[in-house]
Amino acid sequence: MKTIYERPKALQDTFFKYCGGCGHGIINRIIGELIDEKKCLDDTVMVWPIGCSVYADQYFHADAICALHGRAPAVGTGLKRAEPDKLIIVYQGDGDMVSEGMAEIIHAAIRGEKFSVIFMNNAIYGMTGGQMAPTTLEGQRTTTSPFGRAIENSGYPVNMAEIMAKFPGCVYSERVAVNTPANVAAAKRAINKAFDLQLAGKGLSFVEVLSPCPTGWGLKPVMAQQWVAEKMMPIYPLGVFKNPEVAK
Amino acid sequence: MAKQFLQGNKALAETAIRSGCRIFFGYPITPSSEIPEYYAAQPKERKVTFIQAETEVSAFNMVAGAVAAGRRAMTATSGPGFSLGQEAMSYMTAAGLPAVIVDVMRPGPADGEILASQGDYFQVTKGGGHGDYNVIVLAPYSVQEACDLTRKAFELAEKHGNPVVVLSDSTIAKMCESVELPEEISYKVPTFSGALTGCKDKRHVITTCGDGAAQWEKFNLNLQERFAKIREEEQKWDAVQVEDADVVMVSFGSVARVALETVEIAREHGLKVGLLRPITLWPFPEKAFAGLDGKKFFVVELNAGQMVQDVKLSVKNKDDVSYYGRFGGFTPTPLELYEEICKRYGKGASK
Amino acid sequence: MNEVRIEFDRCKECLYCVTFCPKKVLVPGDKINKQGYYTPVPAHIENCIACATCARMCPDGAISVYKDVDKKEV
């Protein structure tokens with residue numbers, strides 16, 4: 001028998017604490033695959049956020065640090081400046097990045113910090129029980145927008161991939177999703193590109209992932225993935241917003 | 001080694017660089033800005049990494065990242081910036097990161113003023129951030145001591161796996177004094193065994209998120225053990241003419257220089273006054289008060305009465321402790337303090 | 001015959017593998033696992049083309065896929 005696919009070796013045996021169908025699980029697994037393929041486990045340091053992925057240090061064999069809420073890009077900056085040869089993966093959700101840590105991610109892009117950022121956008125605060133996020137859609141019901149997000153009170157959802165693309169220091173910005181096999185494959189290609197750019201010493205690489213939150217949205221996983229396509233993609237279109245110029 | 005006439009901030013920054021601390025992240029704030037400026041101005045050959053961070057929140061967390069990687073790194077700020085960094089102080093202590101933070105005090109609260117103050121005593125010694133934790137606090141009173149204690153700060157941080165604050169103030173920061181700078185050294189990388197150097201031989205994880213009450217209580221008990229050890233081993237103070245004194249002044253930092261002169265004036269007038277000068281504010285030098293029962297303690301600080309509380313806790317009879325302070329940026333004169341001593345302790349004012 | 005192995009206790013019954021398999025190999029299971037979920041089973045494994053879509057959609061990394069290289073291609 002030829003092995004077509006096996007659980008990545010970079011992952012520990014630990015069961016993921018994520019809910020069934022969560023986008024974190026798919027992307028965590030993809031990162032594991034890429035670390036295996038690039039054989040870079042020894043030199044990878046992962047910076048985890050506060051959010052549903054706060055325990056993800058338990059899921060990988062790599063060195064890891066869990067930063068305080070929003071601070072992952074700052075901690076990543078300290079790490080990458082101290083150890084430029086390490087592959088630093090900065091992983092954040094929408095509360096962590098777009099709310100608490102907005103200053104940190106913007107200034108990391110301004111400075112062009114040479115690490116890879118993976119932004120998990122599920123339009124809600126998952127870990128704390130489903131509150132509104134800056135990325136929550138207009139009219140979307142959450143525990144802090146029980147009548148639906150009102151633009152008048154809370155403003156418009158935030159498009160991070162487009163914003164990051166504006167900064168010269170951000171060399172690559174793409175938005176992907178994990179709602180279909182084709183999109184999962186594209187997401188892996190994007191994250192692979194981000195890691196390659198870092199290994200080539202380029203500036204900040206940014207991949208935004210539209211991620212289903214079945215529990216937060218009150219939808220079964222397959223329905224949640226449909227919601228990503230029907231509701232999120234019109235507001236958060238997939239695509240490349242900053243093309244890297246990779247010198248081969 | 002030859003002495004140089006140097007400004008406090010610059011001498012401190014130079015000492016940090018000579019101690020191998022080539023990584024600095026900071027946000028400009030009066031009266032500490034000469035420190036980031038000094039780092040920024042270093043020639044390429046000195047291989048300094050300098051980032052002017054967007055906020056102190058970021059700067060402190062960048063320090064956390066670089067220290068987590070096993071390198072010496074530092075930030076410098078003043079009271080308002082230190083307040084922003086409190087979350088990171090809690091974090092770095094829990095994570096066991098040997099970071100060095102310089103706080104150059106200015107008067108608060110809020111935006112306040114920019115001359116000398118000691119109003120950060122509470123916020124650096126009583127935690128100030130979330131949860132049960134302590135950081136080592138070193139309080140120099142001269143430019144020379146600021147250098148000596150900066151060198152020591154890195155050693156202490158790494159010895160105990162705990163952040164250390166070097167607590168300066170506007171006066172020490174801006175004045176120029178004759179200094180003998182320490183020699184240039186290198187240090188062993190990584191600075192601690194849990195540093196994130198990659199998982200080739202062993203995996204390293206730094207996390208401060210609890211995993212249930214039982215695990216988290218155990219985590220905290222380990223922290224408390226660390227603090228108990230520091231309390232036992234690192235209390236430091238200076239005592240000047242204390243043994244036969246009737247009135248012991250208690251002061252730290254720049255105002256201790258004024259207190260020293262006050263001691264001389266008092267002695268000239270036949271009053272037995274001495275000075276107890278805490279050098280570590282945390283751990284507070286309780287041991288210094290042993291055997292001083294029966295004396296009067298005259299606490300002088302540039303705030304509304306912060307260290308005085310720890311003095312009261314350290315002596316047998318707290319009614320023997322009285323406080324005098326100036327705030328807003330004023331530093332009392334030696335004569336002012338001498339007259340205060342005369343007023344309080346019933347001696348007639350002598351000529 | 002190709003093989004699809006699902007780690008029984010790791011599954012959380014999201015049903016992505018069942019939904020996205022192009023050959024409808026997998027069906028919802030009827031045995032409950034340690035986490036309280038019904039792990040799908042490759043009931044129609046004879047149709048499996050070892051594309052590993054199931055494995056690549058699985059948020060828990062619970063699926064392994066193996067190709068039968070001795071199988072004669074028709």
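The following conversation concerns a predicted model with chains A and B.

Reader: How many residues of chain A are in contact with chain B?
Author: On chain A, 29 residues are in contact with 30 residues of chain B.

Reader: Which elements of chain A supply residues to that side?
Author: At least two residues each come from β3 (63-66), α2 (72-82) and α4 (102-111) of chain A.

Reader: And which of these gives the most?
Author: That is α2(A), with eight residues on the side of chain A that touches chain B.

Reader: What is the make-up of that side by class?
Author: The side of chain A that touches chain B has 14 nonpolar, 10 charged and five polar residues.

Reader: What joins β3(A) to chain B?
Author: Two bridges join β3(A) to strand β9 (residues 205-206) of chain B, and the two strands run parallel. Within β9(B), B:I206 is the bridge partner of A:I65.

Reader: Turning to helices, at what angle do α1 and α7 of chain B pack?
Author: Helix α1 (residues 8-18) and helix α7 (residues 143-160) of chain B pack at about 25 degrees, and their axes are 9 Å apart. Angles under 35 degrees count as roughly parallel, and α1(B) and α7(B) are therefore roughly parallel to each other.

Reader: Is their crossing left-handed or right-handed?
Author: The crossing of α1(B) and α7(B) is right-handed.

Reader: Which residues make the contact?
Author: From α1(B) they are B:G8, B:A11, B:L12, B:T15 and B:A16, and from α7(B) they are B:V143, B:A146, B:C147, B:T150 and B:R151. By class, this contact of α1(B) with α7(B) has six nonpolar, three polar and one charged residues.

Definitions and conventions
Residues numbered from 1 in each chain as written. Chains lettered and ligands numbered in written order. Predicted model: local features only at pLDDT ≥ 70, side-chain atom pairs only at ≥ 80, totals over all residues. Contact = placed C-beta atoms within 7 Å. Helix = DSSP H or I, 4+ residues; strand = E, 2+ residues; numbered from the N terminus. Nonpolar A, V, L, I, M, F, W, Y, C, P; charged D, E, K, R; others polar. Pairing = 2+ DSSP bridges. Axes fitted to C-alpha atoms, helices over the stretch in contact; angles between N-to-C directions. Parallel < 35°, antiparallel > 145°, perpendicular 65-115°, else oblique. Left-handed = near helix turned anticlockwise from the far one by under 90°.
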